[in-house]
Amino acid sequence: MLSYIIRRTLYAIPILIGVNILTFVLFFVINSPDDMARAHLGDKYITEEDIDNWKIQKGYDKPLFINSSESGFDKFSETIFFNNSLKLFVFDFGQADDGRNITADIKQRMWPSLAFALPNFIVGLVINICVALLVIMFRGTKLDQTAVAIFVSLLSISYLFYIIVGQYFFAKTWKLVPISGYLPSEPWKFLILPILIGVISGIGQGARLYRTFFLEEAGKDYARTARAKGVTEIQLLFKHILPNALIPILTGVVVVIPILFMGALVMESFFGIPGLGSYMLDAIRSQDFAIVRSMVFIGSVLYIIGLILTDISYTWADPRVRLS
Amino acid sequence: MKPVILWSDLLIFILIVFISLFLRGMAKNPQVRTKWKQVFSKKLGVSTFIIVCAYVFIAFIDSLHFQKALPNIDQHITETRYETKLTSVLDLALGEMNTNIERTYSYPFSLKSYSKSMLKDDSGNLYRDFERLNHAGTHIDNDKNYVSDIIWQSAVSIFFGLFLSLFIIGLHKIWLIRSNGQNHNVYNYIPWNTAYITLTCVVILVAWMLHVGNLYHILGTDMSGNDVLYKTLKGIRTGVLIGTLATLIMLPIAILLGISAGYFKGWIDDGVQYLYTTLSSIPSILLIAASVLLFDVYINNNQQLFELGIEKADARFLALCFILGVTSWATLCRLLRAETLKISQLDYVQAAHAFGVGHARIILRHILPNVGHIILITFILDFSMLILAEAVLSYIGIGVDPSMASWGNMINLARSELAREPTIWWTLAGAFTFMFTLVLAANLFSDLVQDAFDPRTANGGHHD
C-alpha cells in the first residue's frame, strides 16, 4: 500500500510540471508582464517608468528563463520561471498584489473552506445513495418513473436558482439562519444553509446516476440468486447491491471534485464565507494574477490527491482490488 | 441597411452546415436510421426536439445582424452612415419591445411604475404617486379596463396563433399524404399528434409574446426600464451558442488527437494521454478563470482591434467558448481514444491494413464513422451542461461580456433585487424559466439519444 501511494505521488510530478508550465505560459508568455502592468495600473497615460517600477515591485523585471547577467546557479534562480513557477512546488506562493503573503492567507482560509466542502460532500453522497436506494425499492412502478422525472427536473435547474431562492426563503423570509457571513467560533450557524443548498442542488444529478448503478446491479445473476434463496428485498439492497455498486459510485466521486470547486467559488462568495473560493473570486475581481496562479496549482494538487484517495478507497470497497 | 457578420454568427452558420452534413451522413447508414427512429418514435423525443428547435431558431434569427442606416441630415454627405449598434432579425420581429424603455422597475403587466415619484397634475401642483408607464397599454382609453383588454388581446393573439399553426399542420398533412402515396408510410412511426400539439403550443406562445409583449411589459421592466421579456429572449442566442460552439470548437482537436492516439499508439498515445491528464487535473473553473482574466488583459491592451463595442464582446464570447471547449475536451478525447483502440483491433481494420490501405483512408473510412455516436452523445450531453455553466460563470464575473444579453448577466444584476421590499422577482423568474425550459428539454432529448445510440444502454439497458 505504502509503495503504491509513493508511486502514485511520483506519477503526479510530471502532471504537476505540466500544470506549472501551462500556467507559466498563460501568465507570462502569452501575456507579458508589461501587459499585466498596463492592465493593473489601468491608466491610459502610463509611462515606461511606471511599468518598470511595477515590475520591479512585483519581481517581474527578471528574464523569463535564463538570466545571462548573473553567474553560476543564479543564472537560473534569478528568473521569473524559477521564482514564480518552480517555487510553487514547495508551496511558496509569494506575495499578493496587496502585499500579503499568499501562503499564509491560504493556510488561514483553508479551514472555512474545508468546513463547508467536506460536510457538503459527505452528506451529499450519503443522501444521494439513500434516495437512489429508496427509488430502487420501487423500481418498475409509477413511483420510480415519477422520481426519475423529478431528478431530471432538479438537475435542469440552475445552481444559482437553488442558492438565490434558498437564501431568500431560509434566511430572509423565515429568518432561520443569518443571511451571510462567518464566525470561526460558531461556524455551523453560518454553514448549515450553504451545506443544505449544496446537498439539495446535487440530488438530481447524484441520485439519478446512482439509481442507474443500482439498477444494473439489481439485474445481475447474483441478485436473482439471492432473491430465489428468499433474501428479503431490504437485505438484498443493503447487503448485496450496495457494496457492489460502490465501485462505480466511487469512480464517479472523482468527477465531483471540480464541481465542489465551482460550488465553493459561488457559494462562498454568495454567503460571505472567508474560504479559498471567495479568495479566488476576490482575486479574479481585482485581477490579482499571483493568487489566481497559486490557486490553479493548488486546485490540481487537490485533484490529484482526490484521485489517489479514490484508488485507495477501492481496496476498502472491493476486497478483490489489490493496489500494486 | 448593411449586413454585418460577427465571428460568432459565422460560426453558427458553419455549425448549421456541419450538423446538417453530419445528419445526412448518418442518415445514409440504415443502422443509424433505426436509432433515430427509436428516438423520434417516442412522444417525449418529438416534443422536446420541437422545443429545442424553437430555441435554436430564435438564436439563429438573432444571429442575422445588420446595421441600420442613419437618416441623412446633411445634404453634402453622400455616403450613408450607419448606426453603431447592431440590429438582428429577431429585433425586427419583436417590434418595439427593444425601444419601449421605461424609467425604472415596473411589475409584470403593470401600467404604473414600481415606486412613487414626484408628479405634476394639470394645474401644476406637485404630488407623489406611481407614475404612469410610457409604453404599457397606451392604446386603451381607460386604465381601469386594462384587465379586460389584456384578456381580449391575449385571446386575439392566441386565436391568431391557433390559426397559424392549423395552417402549418394542414400544409404538413398534405405533404405527408403525398409522400405516403409515393413510398409506403415512411414517417408513420412519428407520433404526429404530439408533434402538432407541441408545435401549436409553441406558436401560440410566440404569437402571444409578440402581440401582447408589444402592448404591455409581460415580464415587467428592470432597473433601467428595459423590457425583461426582450432581454430574456435576447439571452437565448448566448445560451444556445455557448452550448453548441464550445463543443464545436474543441471537436476537431479532440477528434484528431483522440483518434490518432488510439490508432498510432506508441509515443503519440503517451503524449496525448499526458496532455489530457494534465488539462483535466486543473479544475475547469480555475482554468476558465485564469484564461478569461488573461484574455481581458489582452483586450484592454489591444483596443484598436475592435471597431464596435459588440465586436469586443463577441471576441470575448468566442474566447470563452474556446476555453470551455478546452476544459471539456479531455473527456471526449479519452472516450475517442478508448473506442479507437478497440476498433483498430477489429478484423476489418486489420484486413484494410493487409490490403495496403493508407492510414488516412483507414481512419476516414473505417474508424471515424464508427465513433460518430460518441461525438453525437457528447455534443448533446454537453449542450445543457454548458448553458448552465454559462450562467454560473457570468455570475462569477468570468463569463460573457457584461454588455452582452445573457441569462447569467441577468441573474447577476438581479440577485440583490430579491432583497428589496416589495420583492422584485420577475427578472430572475424570466431568466430561470427560459433557461429551465431549454435545459430540461435538452436533457430529456439527450437521454433518449443516449439510450438509442449508446451501445451499453441501447438494448433496453438500464431503462427497463
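**Entry 1: a sheet in chain B**

I began with the strands and found that β1(B) and strand β2 (residues 65–69) of chain B run antiparallel and are joined by three bridges. I looked up one pair: Pro3(B) has Phe66(B) as its bridge partner in β2(B). Strands here are DSSP runs of E with at least two residues, helices are runs of H or I with at least four residues, and both are numbered from the N terminus. Two strands count as paired if DSSP finds at least two bridges between them.

**Entry 2: ground rules**

I note that the model is predicted, that local features need pLDDT of at least 70 and side-chain atom pairs count only at pLDDT 80 or more, while totals for chains, interfaces and linings use all residues. Residues are numbered from 1 along each chain as its sequence is written, chains are lettered from A and ligands numbered from 1 in the order in which they are written, and side-chain values use heavy atoms, with hydrogens and water left out.

**Entry 3: chain B overall**

I find 16 helices and five strands in chain B. Its C-alpha atoms fill a box of roughly 100 × 65 × 55 Å along the principal axes. Of the 464 residues in chain B, 51% are buried (under 20% relative accessible area; exposed is over 50%, partly exposed in between; 1.4 Å probe, protein chains only).

**Entry 4: cores**

I looked up the largest nonpolar core, which has 190 residues; Leu160(A), Val292(A), Trp36(B), Ile236(B), Ile396(B), Trp407(B) and Phe453(B) touch the most other members. Such a core is a set of buried Ala, Val, Leu, Ile, Met, Phe, Trp, Tyr and Cys residues joined through side-chain atoms within 4.5 Å. Helix α7 (residues 228–264) of chain B gives the largest share of this core, 17 residues. Another core, of 18 residues, lies apart from it and includes Ala132(A), Ile136(A), Leu215(A) and Ala218(A).

I also checked Trp36(B): leaving out residues up to four places away in sequence, it touches Leu23(B), Met26(B), Leu376(B), Phe445(B), Val449(B) and Phe453(B). Contact means heavy atoms within 4.5 Å.

**Entry 5: the interface**

I find 44 residues of chain B in contact with 46 residues of chain A. The two chains bury about 4,200 Å² between them, 75% of it on carbon and sulfur atoms (accessible area, 1.4 Å probe, lost by two parts on being put together, summed over both). Leu286(B), Leu293(B) and Leu294(B) supply 15% of the area chain B buries against chain A, more than any other three residues.

The rule finds one salt bridge across this interface (a side-chain nitrogen of Lys or Arg within 4 Å of a carboxyl oxygen of Asp or Glu). Arg208(A) forms a salt bridge with Asp447(B), with the closest N and O atoms 2.6 Å apart.

I looked up Ser158(A) in the loop between α7 (142–156) and α8 (159–173) of chain A. Ser158(A) is buried, at 3% relative accessible area, and touches Leu388(B), Ala391(B), Phe432(B) and Met435(B), not counting residues up to four places away in sequence.
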